[in-house]
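Subject: A structure to look at

Hi,

Here is the structure I promised to pass on to you. Please open it first, and then read my notes below with the model beside you.

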Amino acid sequence: MQEKILSSEANPLSSLELWEDNLLKRYPDPKAIAKERATEAYRNYEDPARDTVKEFYRLNHTYQTYEFVLEKKASFLKFDKKEMPVWAAFDFLNQLVDDSDPDTDLDQFQHLLQTSEAIRQDGHPDWMVLVGLMHDMGKVLCLFGEPQWAVVGDTFPVGCAYSDKIVYPEFFKNNPDYNDPRYNTRLGVYEEGCGLRNVHMSWGHDEYIYHMMKDYIPEPGLYMLRYHSFYAWHREGAYDYLCDDHDREMLKWVKLFNPYDLYSKNPTPPDWNQLRPYYEDLVAKYLPATLKF
Ligand SMILES: [Fe+2]
Ligand SMILES: [Fe+2]
């Protein structure tokens with residue numbers, strides 16, 4: 001509902017999930033963790049959806065400039081917009097309803113819970129379960145009026161040349177940075193091997209949730225949060241020249257997390273009443289009582 005308040009021109013996707021369905025098409029589930037869901041997504045993937053995803057990336061690649069990223073960081077990383085108890089934040093996130101998408105019977109919280117449950121069932125550390133639960137909380141940016149292209153979609157470094165491993169690379173020609181000599185060389189504003197922590201990524205829900213969680217979650221979990229949409233790096237192997245050894249060490253954690261995000265979707269919601277005590281303890285163990293947005 002909320003998404004419709006924003007103009008469809010700025011927000012071509014009828015549902016944020018269309019971006020994720022597109023990811024499933026680009027990166028189909030090799031192990032078939034949720035084979036049924038993946039095939040279903042594939043089957044439902046019609047041309048109009050593909051066109052809106054394409055239009056979404058056109059906007060994303062055109063407007064995510066180095067300057068834009070610095071502005072958004074200056075604004076949102078002050079965390080002065082809102083303060084909520086953690087569980088109220090999930091209710092807030094759930095105001096992002098995709099009622100136009102026939103495929104979306106599950107709300108945002110269900111995706112988070114299914115991701116975290118899949119991680120838990122595989123016996124990973126509890127902080128990684130928490131990462132699963134929190135990783136898309138940054139999508140609340142949509143509820144602060146941010147356009148879809150500044151919230152979701154693959155992320156990429158700004159301030160240096162764009163890799164052709166990024167989806168729809170042709171649209172970067174529309175970006176002013178593409179012709180700006182400060183930003184359009186291989187290194188741009190960076191140094192060889194400077195480490196991803198010194199690199200500005202395109203702005204969206206990854207960077208935002210990373211900053212929200214950075215004092216509370218172990219380092220590998222922070223990498224999962226911060227780079228989960230950086231497909232050109234964790235799936236395509238691009239941008240290694242900006243990485244240092246620490247990034248390369250952490251990459252395996254980012255790769256470990258990705259299939260849980262992409263392939264855990266299931267039409268049957270987990271039994272929240274049964275799971276609730278575990279998650280209340282988990283959240284209380286790692287996070288403060290309220291979160292600042
Ligand atoms: Fe995400
Ligand atoms: Fe996700």
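Helix α9 (residues 205-213) is largely enclosed by the rest of the structure, because eight of its nine residues are buried. Here "buried" means that 20 or more other C-beta atoms lie within 10 Å of the residue's own, "exposed" means 12 or fewer, and "partly exposed" is in between, with C-beta atoms placed from the backbone. Helices are DSSP runs (H or I, at least four residues), strands are too (E, at least two), and both are numbered from the N terminus.

Please keep in mind that this is a predicted model: local features need pLDDT of at least 70, side-chain atom pairs count only at pLDDT 80 or more, and totals for chains, interfaces and linings use all residues. Residues are numbered from 1 along each chain as its sequence is written, and chains are lettered from A and ligands numbered from 1 in the order in which they are written.

Back to α9: its buried residues are His 205, Asp 206, Glu 207, Tyr 208, Ile 209, Tyr 210, Met 212 and Met 213. They pack against α5 (66-76), α8 (126-134), α10 and β2 (290-292). Leaving out residues up to four places away in sequence, Ile 209 touches Met 134, His 135, Met 137, Gly 138 and Leu 225; a contact means C-beta atoms, placed from the backbone, within 7 Å.

Ile 209 and Met 213 turn up again in the largest nonpolar core, where they, Trp 19 and Val 131 have the most contacts inside it. This core has 68 residues, and α12 gives the most to it, with seven. A nonpolar core is a set of buried Ala, Val, Leu, Ile, Met, Phe, Trp, Tyr and Cys residues joined through C-beta atoms within 7 Å.

How do α10 and α12 meet? The axes of α10 (residues 219-227) and α12 (residues 245-263) come within 8 Å and cross at roughly 60 degrees. The contact is made by Glu 219, Pro 220, Tyr 223, Met 224 and Tyr 227 of α10 and by Met 250, Trp 253, Val 254 and Phe 257 of α12. Axes are lines fitted to C-alpha atoms, for helices over the stretch in contact, with angles from 0 to 180 degrees between N-to-C directions.

For the whole protein, there are 13 helices and two strands, and buried residues make up 42% of the 293 residues.

Enjoy exploring!

Methods: Two residues are in contact if their C-beta atoms, placed from the backbone, lie within 7 Å.
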